[in-house]
Amino acid sequence: MKIAVLPGDGIGPEVTAEAVRVLEALGLPGLTLAHADVGGAAYRQHGHPLPAATLELARSSDAILFGAVGDPTCDNLERALRPEQAILGLRKELGLFANLRPAKVFKGLEDTSALRPEVAGAIDLLIVRELNGDVYFGDKGMTTLPDGRRQGWDMMSYAEDEVRRIAHVAFRAAQGRRGKLCSVDKANVLETSQLWRDVVCEVACEYPDVALSHMYVDNAAMQLVRSPGQFDVIVTGNLFGDILSDQASMCVGSIGLLASASLSEGTLGLYEPIHGSAPDIAGQGKANPMATVLSAAMLLRHSLGLEAEAARVETAVAKALADGVRGSDLGGSHGTVAIGDAILERL
Ligand code: NAD
Ligand code: IPM
Ligand code: MN
């Protein structure tokens with residue numbers, strides 16, 4: 001079992017180190033961890049945010065544990081050299097098209113949600129975000145119009161097979177949960193979304209046991225804070241899924257809590273917190289590593305088939321939270337390493 005560990009930038013290395021401690025504490029026989037540079041850190045060392053050696057290591061591993069990329073000092077580089085291209089490149093090159101972002105309120109955290117406790121307490125949802133298409137990967141450019149005005153443009157598109165395969169992932173996920181699937185789009189305005197909705201309806205015929213509904217993304221953003229308990233599985237495109245998952249994190253309590261799995265057709269998966277490199281708190285030892293530790297749990301479950309170990313890690317995090325362990329993001333005073341220690345103690 002070979003895991004590529006790609007810590008990246010900002011708080012990435014800080015939170016990844018705690019997840020690595022947790023994985024090592026499990027004492028899994030035959031587990032090897034191989035670290036490599038990615039993002040701005042890789043750009044500075046090797047001149048590219050996703051060096052060939054890092055991509056090759058990721059490709060030849062059973063799973064990838066990823067921290068975060070992003071560095072304000074790189075924001076004016078040409079786009080191909082910016083840190084964010086590393087995560088986009090990994091997702092595309094490795095065919096990681098299915099992004100699972102679960103959001104569930106932990107016991108005892110109802111009061112830290114941005115929502116009223118009785119509203120927050122009902123949250124148990126899964127966002128299934130398409131990760132290989134949409135406006136993220138279409139042609140894009142910046143041009144100057146004949147009259148001298150600058151114009152930026154990005155092409156949004158989905159091909160039907162791209163929608164079909166993520167729809168299958170979402171329907172199957174709903175079958176394993178409460179049997180409800182809400183497809184989120186903007187079909188009242190966008191042709192891309194109309195195709196999305198048509199294809200999701202076609203795939204639905206194969207899943208008569210799943211209750212399918214459709215919602216426009218603006219309404220979905222509103223419903224997520226009005227009554228998030230209504231959602232079981234949400235399936236949506238790359239851009240809408242990015243935005244709605246950050247929103248879901250604050251409904252749960254903090255972006256420092258939300259994990260994700262990015263899966264391919266095979267067993268290879270990439271596991272990362274949904275948050276970024278948080279330059280505003282990087283280097284201060286106060287980032288919450290729980291999202292990354294929970295991502296490591298998803299790695300154990302989805303890529304290594306170690307359900308019992310995954311559940312052990314999730315239970316340790318839940319216990320730490322129930323015992324009052326809180327990072328600054330949750331209004332507490334526990335630092336990154338102290339939170340890691342608290343999880344390890346309960347493991
Ligand atoms: P961000 O998620 O990095 O931070 C948003 C806010 O949440 C900040 O105030 C930050 O301090 C806080 N925060 C995030 N994670 C936290 C944690 N674990 N504990 C405590 N507080 C936490 O989003 P941003 O500021 O918009 O982006 C910063 C950089 O990260 C950008 O360069 C962006 O492109 C990048 N980014 C990368 C990824 C990724 O690698 N997958 C994801 C999102 C953003
Ligand atoms: C995320 C991030 C990335 C995205 C960025 C860093 C490219 O926001 O993983 O949610 O937009 O997918
Ligand atoms: Mn995001």
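Where is Asp134 found? Asp134 sits in the loop between β5 (124–130) and β6 (140–144); helices (H or I, at least four residues) and strands (E, at least two) are DSSP runs, numbered from the N terminus.

Before I go on, the ground rules. This is a predicted model, where local features need pLDDT of at least 70 and side-chain atom pairs count only at pLDDT 80 or more, while totals for chains, interfaces and linings use all residues. Residues are numbered from 1 along each chain as its sequence is written, chains are lettered from A and ligands numbered from 1 in the order in which they are written, and side-chain values use heavy atoms, with hydrogens and water left out.

Back to the backbone. Phi of Asp134 is near 75 degrees, a positive value in a residue other than glycine. Most residues other than glycine have a negative phi. Asp134 counts as buried, because its relative accessibility is 5%; buried means under 20% relative accessible area, exposed over 50%, and partly exposed in between, with a 1.4 Å probe and protein chains only. Ala278 also has a positive phi, about 40 degrees, and is not a glycine. Ala278 belongs to the loop between β12 (269–273) and α10 (290–302). At 21% relative accessibility, Ala278 counts as partly exposed.

Now the overall chain. There are 12 helices and 12 strands, and 53% of the 347 residues count as buried. The C-alpha trace spans about 55 × 50 × 40 Å along its principal axes. For 347 residues, a compact globule would have a radius of gyration near 20 Å, and the chain agrees, at 20 Å. That radius is taken over C-alpha atoms, and the globule rule is 2.2 Å times the number of residues to the power 0.38.

Next, aromatic pairs. How many does a search of the whole structure find? The search finds two. Rings of Phe, Tyr and Trp (its six-membered ring) pair if their centres lie within 6.5 Å; planes under 30 degrees apart count as stacked, over 60 as edge-to-face and the rest as tilted. Tyr158 and Trp196 form a tilted pair, 5.3 Å centre to centre with 50 degrees between the planes. This pair links distant parts of the chain, 38 residues apart: Tyr158 is in the loop between β7 (150–154) and α6 (160–175), and Trp196 is in helix α7 (residues 191–204). Tyr158 counts as buried at 9% relative accessibility, and Trp196 counts as buried at 3%. Phe171 and Tyr207 form a stacked pair, at 4.8 Å and 5 degrees. Phe171 is in helix α6 and Tyr207 in the loop between α7 and β9 (211–216), 36 residues apart. Both Phe171 and Tyr207 are buried.

Last, ligand 2. Its surroundings are Glu84, Leu88, Arg91, Arg101, Arg129, Tyr136, Asp242 and Ile274, where near means a heavy atom within 4 Å. A polar side-chain atom of Arg101 lies 3.0 Å from an oxygen atom of ligand 2. For an N or O atom in the side chain of Arg129, the distance to a ligand 2 oxygen atom is 2.7 Å, and for Asp242 it is 2.9 Å. Taken alone, ligand 2 exposes 320 Å², and the protein buries 77% of that; accessible areas come from the Shrake-Rupley method with a 1.4 Å probe, and for residues only the protein chains shown count as cover.

Conventions:
Polar contact = N/O pair within 3.5 Å; in protein donor to acceptor, adjacent residues only side chain to side chain.
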